[in-house]
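Please read them with the structure open.

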Amino acid sequence: MSTPEPQITINLDALLGELKFSLQTAITLLAISLRATPPDSMDDLRLPQEVFATTFAQSARWSHFEALEKHQTWAIGNGLRDAIEGMSSFIESAHRVLTIWELARANDGRVTYGEYQEALEGKAFHRLGLPDKLTHLKSAHGITMDATLERQVISVNNARNCLVHRRGVVSQRDLNTAASMLVEWRKLHVFLQDEDGEHEFVIGKIIEKESTVCIRVRDEQKAFALGERVSFTIQEFADVTWGLYAFGTDLVKLVGQADPNKIPFDADQR
């Protein structure tokens with residue numbers, strides 16, 4: 001009796017699950033952070049278990065209101081950074097799947113571990129920036145992405161770069177239009193429909209007429225001028241993460257379409 005050849009099992013649900021986990025982690029940590037309330041007086045503010053309060057600049061000892069405002073901006077910025085870094089990691093995982101399938105097509109359905117490792121290490125895909133990673137998926141693997149979703153993800157990544165490298169102050173290198181840094185995303189829009197037309201959906205608001213709750217997707221954008229500081233509201237952050245998820249869902253669908261079906265994995269040839 002012959003021994004069946006080992007098989008690679010690729011779970012595309014788990015691939016998308018990686019992105020969902022990253023986005024949910026960013027949302028959860030941001031939600032926890034925003035529940036924190038600074039003390040009324042900054043004089044006694046110190047790190048937990050810190051014996052002596054560390055103070056480098058008195059100018060950063062804000063009022064209670066200033067601390068709340070600056071903390072929210074800082075927290076949302078960090079949440080955005082984590083979300084886009086999760087997206088970048090997810091794209092790397094999609095690339096690994098596509099690499100396996102490319103090797104399978106080129107080698108009559110057989111993929112050795114050595115070939116797989118060589119293909120990944122030789123391209124140093126993980127060192128590429130997010131826009132270049134997307135370009136590689138298109139040029140090397142023939143993935144045809146939704147142009148709008150791709151542009152939106154790149155614009156969010158651009159905002160992340162500004163936050164990380166320039167403390168959120170828009171510089172000349174951040175501009176992606178003639179006069180601004182434009183950030184775009186796809187959001188899930190919930191609204192009410194009644195006999196008079198469409199109305200904003202507000203939780204807790206009493207509805208006087210018979211209405212239907214409707215959901216649709218809508219593309220949004222926010223422009224930041226040269227020298228302006230990047231900031232998003234809590235709702236905008238939530239909408240941006242949903243837009244990243246929409247892109248991820250579309251990419252997993254495209255990866256699935258590239259599936260050459262059964263791929264024997266030769267575990268002995270290493």
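1. Which strands each supply at least two residues of the nonpolar patch? They are strand E2 (180–194) and strand E4 (212–225). Helices (H or I, at least four residues) and strands (E, at least two) are DSSP runs, numbered from the N terminus.

2. A word on the basis of these notes. This is a predicted model, in which local features need pLDDT of at least 70 and side-chain atom pairs count only at pLDDT 80 or more, while totals for chains, interfaces and linings use all residues. Residues are numbered from 1 along each chain as its sequence is written, and side-chain values use heavy atoms, with hydrogens and water left out.

3. Overall content. The protein has six helices and five strands, which follow the pattern α-α-β-α-α-α-β-β-β-α-β along the sequence. Of its 270 residues, 38% count as buried (buried is under 20% relative accessible area, exposed over 50%, partly exposed in between, with a 1.4 Å probe and protein chains only). The protein exposes about 16400 Å², and carbon and sulfur atoms supply 53% of that area. Accessible areas come from the Shrake-Rupley method with a 1.4 Å probe; for residues, only the protein chains shown count as cover. Among contacts (heavy atoms within 4.5 Å) between residues at least 6 apart in sequence, 75% join residues at least 24 apart.

4. The nonpolar patch. Leu188, Val190, Val213, Ile215 and Val217 make a nonpolar surface patch of about 400 Å². Patches are made of residues with over 30% relative accessible area and no salt bridge; like charges are joined within 9 Å, and nonpolar side chains (Val, Leu, Ile, Met, Phe, Trp, Tyr) within 5 Å. E4 gives the largest share, three residues. Ile215 is placed in strand E4, and Ile215 counts as exposed because its relative accessibility is 57%.

5. The H1–H6 pair. Two packed helices are described by the angle between their axes and the distance between the axes. Helix H1 (residues 12–34) packs with helix H6 (residues 234–257) at an angle of about 170°, and the axes are 9 Å apart. H1 is therefore roughly antiparallel to H6. Axes are lines fitted to C-alpha atoms, for helices over the stretch in contact, and angles run from 0 to 180 degrees between N-to-C directions. Angles under 35 degrees count as roughly parallel, over 145 as roughly antiparallel, 65 to 115 as roughly perpendicular and the rest as oblique. The residues of H1 that meet H6 include Leu12, Leu19, Lys20 and Ala26; on the H6 side, Phe237, Tyr245 and Gly248 are among them.

6. Salt bridges. The structure holds ten salt bridges (a side-chain nitrogen of Lys or Arg within 4 Å of a carboxyl oxygen of Asp or Glu). One of them joins the side chains of Arg151 and Glu184, at 2.9 Å from N to O. This pair links distant parts of the chain, with Arg151 in helix H5 (residues 147–165) and Glu184 in strand E2, 33 residues apart. Arg151 is partly exposed at 41% relative accessibility, whereas Glu184 is buried at 10%.

7. Two further bridges to E2. Asp219 and Arg186 form a salt bridge with the closest N and O atoms 2.7 Å apart. Asp219 is in strand E4 and Arg186 in strand E2, so this pair ties together parts 33 residues apart in sequence. Asp219 is partly exposed at 43%, and Arg186 is buried at 16%. Asp239 forms a salt bridge with Lys187, at 3.5 Å between the closest N and O atoms. Asp239 lies in helix H6 and Lys187 in strand E2, so that pair ties together parts 52 residues apart in sequence. Both Asp239 and Lys187 are buried.
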